[in-house]
Amino acid sequence: MSDFCLEGENVHLWRGDHHVLRGVRFQVRGGECLQLTGANGAGKTTLLRTACGLAYPEGGEITWCGESIRKDMQAFHAQLAYLGHEPPLKAELSARENLEYWVGVRRLLADEELEHALQRVGAQQWADRPVRTLSAGQKRRAALAGLTLMRVPLWLLDEPTTNLDAEGQRLVGALIAEHLQAGGLALAAVHHELAMTAGQGLQRLELTVA
Amino acid sequence: MKAFLDMGGYAAYVWPSYALTLTVMVLNIVGARRLLKRSRKDALRRLMIGGTES
Amino acid sequence: MAWTWFHRLASPPHIYRIAGRLTPWLGWPAAVLIGGGLIGGLVLAPPDYQQGDGFRIIYVHAPSAWMSLMVYTTMAVAAAIGLIWRMKVAHAVAASCAPIGASFTFAALVTGSLWGAPMWGTYWQWDPRLTSELILLFLYLGYMGLRSAFDDVQRADRVSAVLAVVGVVNVPIIHYSVVWWNSLHQAPSVMRLGAPTMPPSMLVPLLMMLLGFTLFFGALLLVRLRGEVLSRERSASWIREALHP
Amino acid sequence: MRDSGTMGTALRPAFAAGGMGGSAVPALAAARLVLARDLKLAFRKRSQLVQPLAFFAIVTTLFPLGVSPELPVLRPMAAGVVWAAALLSSLLALELLFRDDAQDGTLEQYALSGRSLTWLLAAKTAAHWLLTGVPLALMAPLAGLALGAPGAAVPGIVASVAVGTVALSLIGSIGAALTLGIRRSGALLSLLTLPLDIPVLIFGARATELAIGGQAYGVPVQLLAALAVLGLTLAPLAAAAAVRINLE
């Protein structure tokens, strides 16, 4: 239903003397989610950072919709949302304020939208408390709300279920499934399989330690 | 010869200048050679460990 | 295409081989020129009518000062090339430049102070040339400090390259601001460098020294460059070739 | 079970900033938001705001104690003292310029926002200036008066420090961006930044000196402004390049 497509072709990357990514290949199309699995140090995070253009591969190429992501990096970035290990939230601001600034840098945000997203992750109760007072799981949920608010086709998620309870993990699965159904695509580094209905669009790529 | 060494009374300034500059040059030569030698040794060590990688 | 030629020239094995072969071609002429310049400067050149034999310091001070700026510029240009084209060899050149440049900046500073001492009656004056040279030394030290703060050579290369480029934009600004500052407070420098009024017997040794130092820098750079290129290289095949001929 | 298995029922408009939606934020508006965020954060953590100013006050106090309490002795050095203190205070706050944002991943989000990182960093630097440069410009005359400057010198001191700190913040942003990935970067940051700050020090101290002497200080202030403009065009670019490299 959509022609979005993220592809990695023979990607090589070193960290110092360590050959982390050794000719990695992948292809994710609209409606698909690629789970990256592998032991610690296998390069899951590195591959995510390479896919979004933060890290520069020494060999191979990443393409978005058939064009190298290096061609117009800014336009490519406008189409992706990256969620790293730590939710990018300021401890001194409330969850709501954090989302206003974080998402606001990218797009105009209507109040109802923000309200809806906060509700979706179950944040109504604590949306106005300083992030400093929130639990790790609540922070993660706030970050997920930010993710849905970006309204971008490409999600890059690094361990999206960390610190989440069983219900939170199902929430991640549901959000991704919804995203895929709308034609989006996702690349997720995971330790445990995502809690998603098997079948539509779920793929796996196993990375190994050098 | 003595007049030459005396440098018209400026010996205390001229000779240290030349000595220092030449020392800097010699140290540079030694430093550069040592760097090359160490890099060679490191590269060989990596060859031993890395085996046939790429 | 011109570009493939450019990249093959800049490929590490090629550079390693060429640099090794070229070193003596720069090193020996440098030695001859510097030796000739020394004799010309210390023996053949007549004493200056004002500064007597004290002016002979020019034959080591001026080339050192020239090196300090020339090496910094080389470093910045190499760093910019490395940043723009992601060329490892260019970064290796920049890395090789810093310690050479810093050491000659130090030499220029000390010889300048020794030159000024009999004229001023003190070893240190806030003379604009010396002050600029001192700041340049700080720039070198900052560059080397930044480089050594990173474990990853790749990152050290790129971060310090940004600093080198920023620094080279600033060098003229710093120089002119220091001259401007100095003109408000004291008389101009006693160090006249490369004055066009010099008689040939004084000028020729100076030119020999300048050229000799430049070639010497080239030779040093090539030796260091080989080391830096080796330490950046991961592909084993050519290292094996290069080290076991 | 509220959250799971409800796919499709939620409102999900098409992707907004994906090149088809028109609601993407222009660079300037995004930069303004970054500026507002930094200001709000600073006022939530007031102690960090006050520290550079207290530092400035202490440094200027050291000179009468260390040199002489007599104003005729202090007056000739007042300009230099004020500027050296301003330089060091501005430097003190620099280490924090990008540190927090780098640690919590905000900088990464900026780099991946699809907005110009140069603009966003320029906005952060503007916030740094508003939070340290402006208060310093307001405090500098007090220090000047305490060191024997006449009351008529106040406008000149404020003008020179206000303009000079713009350049200091910009130059400093490069240093802060370069040392982003280094733990305990304080000393290195000073070593990188201070030599580049020297022209600002020279022109700034000269303008202040002229103001204290009751003379026209227009020329050095114009030179300071020229440095600030040059910094404005180049520093955010260099800082953005350095941040990208450190995020790599």
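## A tryptophan in chain D

The place of D:Trp83 is within helix α4 of chain D, the helix that covers residues 78-103. This description, like everything that follows, rests on a predicted model. Is D:Trp83 buried or exposed? With 27 other C-beta atoms within 10 Å, D:Trp83 is buried, because a residue counts as buried once 20 or more such atoms lie within that distance.

Which residues does D:Trp83 touch, if those up to four places away in sequence are not counted? They are D:Leu201, D:Gly204, D:Ala205 and D:Thr208. The model also places D:Trp83 and D:Thr165 so that their C-alpha atoms are separated by 9.9 Å, although the two residues are 82 residues apart along the chain.

## Confidence and the contacts between chains

For the model, the scores are ipTM 0.90 and pTM 0.91. In chain C the mean pLDDT is 89, and 89% of the residues of chain C reach 70 or more.

Five pairs of chains are in contact, and of these pairs it is chains A and D that share the most contacts. Chain B and chain D, on the other hand, are joined by no contact, and their closest C-alpha atoms lie 23 Å apart.

## Chain A as a whole

The secondary structure of chain A comes to six helices and nine strands. The radius of gyration of chain A is 17 Å, close to the 17 Å that the globule rule gives for 210 residues, so chain A is as compact as a globular protein of that length.

Of the 210 residues in chain A, 51% are buried. If one takes the contacts in chain A between residues at least 6 apart in sequence, 73% of them join residues that are at least 24 apart.

## Two domains in chain A

The domain assignment divides chain A into domain 1, made of residues 1-79 + 154-210, and domain 2, made of residues 89-151. Taken over C-alpha atoms, the centres of these two domains of chain A are separated by 23 Å.

How many residues of domain 1 of chain A are in contact with domain 2 of chain A? Nine residues of domain 1 are in contact with eight residues of domain 2. On the side of domain 1 that touches domain 2, the largest share, four residues, comes from helix α6 of chain A, which covers residues 166-181. The residues on this side of domain 1 divide into five nonpolar, three polar and one charged.

## Strands of chain A

Strands of a sheet pair through backbone hydrogen bonds, and the pairing is either parallel or antiparallel. Chain A contains an open sheet of four strands, whose order is β2-β1-β4-β5 and whose pairing is antiparallel. The edge strands of this sheet are β2 (18-29) and β5 (67-68) of chain A, each of which pairs on one side only. Within the sheet, strand β1 (residues 5-15) and strand β4 (residues 59-64) of chain A run antiparallel and are joined by five bridges, and A:His12 stands opposite A:Gly59 in β4(A).

Parallel pairing is found around strand β3 of chain A, which covers residues 33-37. This strand is mostly covered, since four of its five residues are buried. Four bridges join β3(A) to strand β8 (residues 185-189) of chain A, and in this pairing A:Leu34 stands opposite A:Leu187. Strand β9 (residues 202-206) of chain A also runs parallel to β3(A), with five bridges between the two strands, and A:Gln35 has A:Arg204 of β9(A) as its bridge partner.

## Two loop residues with positive phi

B:Met7 has a positive phi of about 50°, although it is not a glycine. This residue, B:Met7, lies in the loop between α1 (2-6) and α2 (11-50) of chain B. B:Met7 counts as partly exposed, because it has 19 C-beta neighbours inside 10 Å.

D:Arg184, which is not a glycine, has a positive phi of about 50°. D:Arg184 is found in the loop between α7 (154-178) and α8 (186-212) of chain D. Is D:Arg184 buried or exposed? D:Arg184 is exposed, because 10 other C-beta atoms lie within 10 Å and the limit for an exposed residue is 12 or fewer.

Conventions:
Residues numbered from 1 in each chain as written. Chains lettered and ligands numbered in written order. Predicted model: local features only at pLDDT ≥ 70, side-chain atom pairs only at ≥ 80, totals over all residues. Rg over C-alpha atoms; globule rule 2.2 N^0.38 Å. Contact = placed C-beta atoms within 7 Å. pLDDT = per-residue confidence, 0-100. Pairing = 2+ DSSP bridges. Domains from an automatic or database assignment. Nonpolar A, V, L, I, M, F, W, Y, C, P; charged D, E, K, R; others polar.
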